[in-house]
Amino acid sequence: MLDNTLPLLARGYAWLPDLSRRTGPGAVRTRLMGKPAIALRGPAAVGFFYDEDHVRRRTALPEPVLSTLFGKGAVHTLDGAEHRKRKELFLKVLKDTAGVTALADRVADEWERSCKEWSDRPRVTLFDEVSVLITRAVCGWAGVPFTDGPGADARMTARDLTAMVDGFATAGPRHWRARRARQRQEERLARLVEDVRSASGKTTGQGGPPVTAVEAVAVHRDADGELLDPRTAAVEILNIIRPTVAVTWYTVFGAHALHRNPALRQRLATGGEDYARAFAHEVRRFYPFAPFVAGLAPRDVEWHGEHIPEGALVLLDLYGQNHDPALWESPYTFDPERFVGREPGRDELVPQGGGEASQGHRCPGEDVTLAVLSTLLPRLARLDYRVPDQDLRIPLNRMPTKPRSGFVIAETH
Ligand code: HEM
Ligand code: MYR
């Protein structure tokens, strides 16, 4: 069997669905990065995948993904007790309801300020503008200052954070931009951690309880009782601010959904929290963002009678599961109604992973994602704007993808 790494890079979100159409029902077997690989989907597969007896993360992510998207030494690459202890840091910062509300309030304020500015301009590109406004909000909230210096103002920071996401699954200039962006931001945030530690006695706890995400990272102790070295602390600060800015992708997808389904606009504008949340869930289900997650089998294991040899890559096909006709009626129809008055099951809707965030690697940022989307999408629905002619196609062979134009809006008021 030919190694499928190049087809994956070339075909993006269409790669696994195409393979699975060719190989028929059941798990998809292939080769990736020189290893045998098997791709699973469905709620039972989620349970299998998130059991550390079956799948481990430590050496699963390739260097190009770590040097752009997640960072070396990131929580994504830990297993067992080390992972649980590091994960507590994220759960404390990101599952605190008051903290999440405070972040959403900052996003709302930045949206209002940005709208005033847009009304003086003939047209703006929503992707760029939203990435900057979320960057201002999350950096203010997390305690990351904008100062002079390389990559330190809001626009440069937004550009670096989106570049890290944009360049993780490609060769060529986008990838090298992403590496440079990470390098620059890790250096400046490592300095920030050192400053915060020496300024406030935060390492010893003398400074009182941490109040910002940066301070929480600065005082966090790993399972071995040690503080994070400044570079790893910078990696984990980036693992809070970068993905928050990545909600820009979903916001622009939300704009795309409104454009294609104008009948939904009025309800999103005036339908309150519950409808906004249902709409946000459907955006996360319908549009392609995280393709799959991956780990390695620590020993020979078996899934529904399929043998998985030690060292094989196990993929959980998130995009495939979110469009599986066995789970979703008319999966390629955008319909927030499926989530009105009904929260999705834990292992059913998996755009940000499955299982329990506290027990495994499921994304700890789903509350933040939903809060930011529930703040921005109804406001977008209430904004008056025109959508000029542009290329709104969302190429499935680009990873990550978005409407080609970045979604240009004109005559906003
Ligand atoms: C993990 C997707 C937003 C922080 C993950 C994973 C996915 C994901 C697929 C991996 C799950 C796994 O390995 O099993 C997304 C998407 C987002 C998003 C599509 C939308 C923009 C956020 C936000 C935050 C965040 C807003 C924080 C503010 C993290 C962290 C992890 C993670 C720290 C690592 C968890 C671990 O390894 O235990 N995310 N995420 N994400 N996400 Fe998100
Ligand atoms: C973030 O910035 O963390 C949020 C956006 C995440 C996109 C997630 C992509 C998952 C990629 C796994 C790649 C595995 C390659 C073998």
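## Ligand 2 and its shell

The shell around ligand 2 holds nine nonpolar residues, no polar ones and one charged residue. This is a predicted model. The surrounding residues are Leu61, Leu69, Phe70, Val165, Phe168, Arg242, Pro243, Phe289, Ala290 and Phe292. Two elements, α4 (63-70) and α11 (230-260), each give two or more residues to this shell.

Arg242 makes a polar approach to the ligand. An N or O atom of the Arg242 side chain sits 2.7 Å from an oxygen atom of ligand 2. On its own, ligand 2 has 490 Å² of accessible area, and the protein covers 87% of that.

## Ligand 1 and its iron

Ligand 1 carries an iron atom, and Cys363 is its only protein donor, through SG at 2.3 Å. Cys363 sits in the loop between α14 (318-321) and α15 (366-382).

There are 28 residues around ligand 1, and Tyr50, Arg57, His83, His361 and Cys363 come nearest. By class, the shell divides into 17 nonpolar, nine polar and two charged residues.

## Polar contacts to ligand 1

For Tyr50, a side-chain N or O atom is 2.5 Å from an oxygen of the ligand. For His361, the corresponding distance is 2.6 Å. For Arg57, a polar side-chain atom lies 2.7 Å from a ligand oxygen.

Three elements, α5, α11 and α15, each give two or more residues to the shell around ligand 1. Helix α11 supplies the largest share, with seven residues. Helix α11 is also among the contributors to the shell of ligand 2.

The whole structure contains 34 salt bridges. One of them joins the side chains of Arg86 and Glu236, at 2.7 Å from N to O. Arg86 belongs to helix α5 (residues 80-94) and Glu236 to helix α11, so this pair ties together parts that are 150 residues apart in sequence. Arg86 is buried at 5% relative accessibility. Glu236 is buried too, with a relative accessible area of 0%.

Another salt bridge pairs the side chains of Arg284 and Glu366, at 2.9 Å from N to O. Arg284 lies in helix α13 (residues 272-286) and Glu366 in helix α15, so the pair ties together parts that are 82 residues apart in sequence. Arg284 is buried, with a relative accessible area of 3%. Glu366 is buried as well, at 9%.

## Other charged pairs

Lys72 and Glu63 also form a salt bridge through their side chains, at 3.7 Å from N to O. Here Glu63 counts as partly exposed, because its relative accessibility is 36%.

Elsewhere, salt bridges link four residues into a network: Glu117, Arg121, Glu129 and Arg155.

## Around Leu19

Leu19 is placed in helix α2 (residues 15-23). Leu19 is buried, with a relative accessible area of 8%. Leu19 and Arg29 are ten residues apart in sequence, and their C-alpha atoms are 8.7 Å apart in space.

Definitions and conventions:
Residues are numbered from 1 along each chain as its sequence is written. Chains are lettered from A and ligands numbered from 1 in the order in which they are written. This is a predicted model: local features need pLDDT of at least 70, side-chain atom pairs count only at pLDDT 80 or more; totals for chains, interfaces and linings use all residues. Side-chain values use heavy atoms; hydrogens and water are left out. Donors are N, O and S atoms within 2.8 Å of the metal (3.2 Å for Na, K and Ca); water is not among the atoms, so sites may look incomplete. Helices (H or I, at least four residues) and strands (E, at least two) are DSSP runs, numbered from the N terminus. A residue is near a molecule or strand if one of its heavy atoms lies within 4 Å of it. A polar contact is a pair of N or O atoms within 3.5 Å; within protein, one must be able to donate a hydrogen and the other to accept it, and residues adjacent in sequence count only if both atoms are side-chain atoms. Accessible areas come from the Shrake-Rupley method with a 1.4 Å probe; for residues, only the protein chains shown count as cover. Ala, Val, Leu, Ile, Met, Phe, Trp, Tyr, Cys and Pro count as nonpolar, Asp, Glu, Lys and Arg as charged, and the others, Gly among them, as polar. Buried means under 20% relative accessible area, exposed over 50%, partly exposed in between (1.4 Å probe, protein chains only).
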